[in-house]
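Please read the following report alongside the sequence and the coordinates.

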Amino acid sequence: MSKSKKKPLVRMQGISKHFGGISALEDVSVDLYPGEVVGILGHNGAGKSTLVKILAGALTPDSGEIFVDGEPATIRDPNDARALGIETIYQELALCGNLDAPANLFMGREMNRYGFVDDAYMLRETRRILDSLHIKIESLTTRVDNLSGGQRQSIAIGRAVYFQAKILIMDEPTAALGMEETQLVVELIEELKTKGLGIFFISHDIHDVYRFTDRIYVLKGGKLVHTCPTNAHTQDEIVQMIISGRPPATAEQPRG
Amino acid sequence: MGETIARLKSYPLTWIVGVTILMAIVISMLSPHFLTVGNLTNLLKQVAIVAVLAGGQTLVILSGGIDLSSGSILALSAVTIGFLIENGYPPLLATFAGIVVGTLCGLINGIIIAKGRIPPFIATLGMMGIARGLALVITKGVSYMVLVPFFDIIGNGKLLGLPVPIVIVIVVYAALHIVLRRTVFGRHIYAIGGNEHVSRLEGIRVDHHKILIYTISGFLAAIAALIMVGRLASTPPHVARGAELEAIAAVIIGGTSFAGGIGAVETTLIGALIMAMITNALNILGVSSFWQQVFIGIVIIVAVWLDNLKGRR
């Protein structure tokens, strides 16, 4: 991870967001480099999800700037984010349960001629991309409601890979999954890391964080508390930071 | 093709066609008048108006919404046509105006729902009153006679050997079938009905699509109005009262999920046919028309109950 040489994939600078009178984010700045997995940590309500939803275009910030590949970016809706190569994997397994895998993988970007869908093409491509990621789903034409949580999450990940995401946001990607299913997602994340994507990783699970992330940001009450390489601290120290909302006594102050 | 949606819709079609044929056999055993060309043609003509409304209603319900205003929009379109013809305007212009009025009502529904964030039930309940009220305001409560050849042809004429109302139904359902099964817009209707929040996150233009869906429903209400004017040769402002509920019943009997996202338009047509068959059979058998509502009520509940049984595993 040679931060000094590369320019960041994403830089979010001075982001603030209020909901009514409540301040969800206050002047938060984060960045993400290619091939890096960055953990965003904090309690419920710390502002983690708000921050990544702004990057994903699901929310708009009240103030602050976003740079993608060094260029100022305006992200007003999810389509803007996707056009910039930003894809999101949501914790709630964001798929339409009534549709099949290809319909979900291509949702909002259906392969079509003059508005008519090309189902055969989408089925072939879905099979190809899932095979390439070693994801096994017996029937691609069944409603995804009938699939396991892990299979559904891997469709969401397949979608991000297929559309050549450069920046992946994973918002608690394993929260709704069982142990074996989590393993499936874990292997996918490791595969994506080697492909050089930048990943923002949000999780409550400190083991996951320790396992995947190269660097962490700790948020509390909408403010940035601390950032450091993950291995600069023990798991216990990180947990302490999340709970107390203060950097460890020995650590340097957060970078703006 | 269609593998995606095929699974969604395969289950209702099989049993519902079976039920319809079984009903036809039972009714024709009870009365020799049922299986006559004259009666069946009449039945299909009767079903045409509700069927066209139900076609639009299918799109609306698949998207997770409801349109309570389509019967009233039908009346307002019909009255517009009657008013213009009464005042000496040419039938084609009156037809055009009627279609514009219906489509505009649907467009307003869509804008209120999508942009105003008013629930479809409330928005279309409001439009139900507005359109019906305007129909009464325009006519001051009286019914205009429409005795022009153009509407006589729509109501009673034939095209390629088929009654024109039936031709209209075939065209409407063929078009809706293609839209739902083959187009990106149709796919998005299923997505919105399945999970609106996810649809938004995945970049589907949910608001745009909703406006289009309700506009189509309004347009089809106006098309149903043309058939109505042709059949009645007049435009009573109280016409089609409750027709929106019959249309909703046809969609539900046709196996489309009231929650949205699952169903098809072909089965709606069969749902409408089943309702018309019950009415028709009871008429032939000389059962009081008061009983007809009881039977149709039972059929609606049983149809949904059967669907639920299939859903359990």
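## Basis of the model

This is a predicted model, in which local features need pLDDT of at least 70 and side-chain atom pairs count only at pLDDT 80 or more, while totals for chains, interfaces and linings use all residues. Residues are numbered from 1 along each chain as its sequence is written, and chains are lettered from A and ligands numbered from 1 in the order in which they are written.

## The interface between chains A and B

In the model, 23 residues of chain B are in contact with 26 residues of chain A, where contact requires that the C-beta atoms of two residues, placed from the backbone, lie within 7 Å. On the side of chain B that touches chain A, the elements that give two or more residues are α1 (3–30), α8 (184–194) and α9 (196–201) of chain B; helices here are DSSP runs of H or I with at least four residues, strands are runs of E with at least two, and both are numbered from the N terminus. The largest share of this side, six residues, comes from α8(B).

By residue class, the side of chain B that touches chain A divides into 10 nonpolar, eight polar and five charged residues. In this count Ala, Val, Leu, Ile, Met, Phe, Trp, Tyr, Cys and Pro are nonpolar, Asp, Glu, Lys and Arg are charged, and the others, Gly among them, are polar.

## The largest nonpolar core

The largest nonpolar core has 169 residues, and those that touch the most other members are A:L55, B:V52, B:L53, B:L74 and B:A224. Such a core is a set of buried Ala, Val, Leu, Ile, Met, Phe, Trp, Tyr and Cys residues joined through C-beta atoms within 7 Å; a residue is buried if 20 or more other C-beta atoms, placed from the backbone, lie within 10 Å of its own, exposed if 12 or fewer do, and partly exposed in between. Helix α10 (residues 206–232) of chain B gives the most to this core, with 16 residues.

Leaving aside residues up to four places away in sequence, A:L55 touches A:V10, A:M12, A:I66, A:I75, A:A81, A:I86 and A:I169.

## Helix α4 of chain A

Helix α4 (residues 119–132) of chain A has 14 residues, which at 1.5 Å a residue should span 20 Å, and its end C-alpha atoms are 20 Å apart, which agrees; the expected span is 1.5 Å times one less than the number of residues. The buried residues of α4(A) are A:D119, A:M122, A:L123, A:T126 and A:L130. Seen down the axis of α4(A), these buried residues fall within an arc of 100°, so they line one face of the helix, the arc being that of the directions from the helix axis to the C-beta atoms.

On the other side of α4(A), A:R128, A:D131 and A:S132 are exposed. The helix is followed by A:H134, which has a positive phi near 60°.

## Strands of chain A

Strand β1 (residues 10–19) and strand β4 (residues 63–68) of chain A pair in the antiparallel sense over five bridges, pairing being assigned if DSSP finds at least two bridges between two strands. Within this pair, A:Q13 stands opposite A:E65 in β4(A). Three bridges also join β4(A) to strand β5 (residues 71–73) of chain A, and the two run antiparallel, with A:A73 in β5(A) as the bridge partner of A:I66. The hairpin of β4(A) and β5(A) has two residues between the strands, and there A:D69 takes a positive phi near 55°.

Strand β9 (residues 167–171) of chain A is mostly covered, with five of its five residues buried: A:I167, A:I169 and A:D171 point one way, and A:L168 and A:M170 the other way. Strand β6 (residues 86–89) of chain A pairs with β9(A) in the parallel sense over four bridges, and A:T88 stands opposite A:I169. β9(A) also pairs in the parallel sense with strand β10 (residues 198–202) of chain A, over five bridges, and here A:L168 stands opposite A:I199.

## Single residues

A:D27, in strand β2 (residues 22–32) of chain A, has a positive phi near 50° although it is not glycine, and counts as partly exposed with 15 C-beta neighbours inside 10 Å. A:Q164, in the loop between α5 (149–162) and β9 of chain A, has a positive phi near 55° and counts as exposed with 10 C-beta neighbours inside 10 Å.
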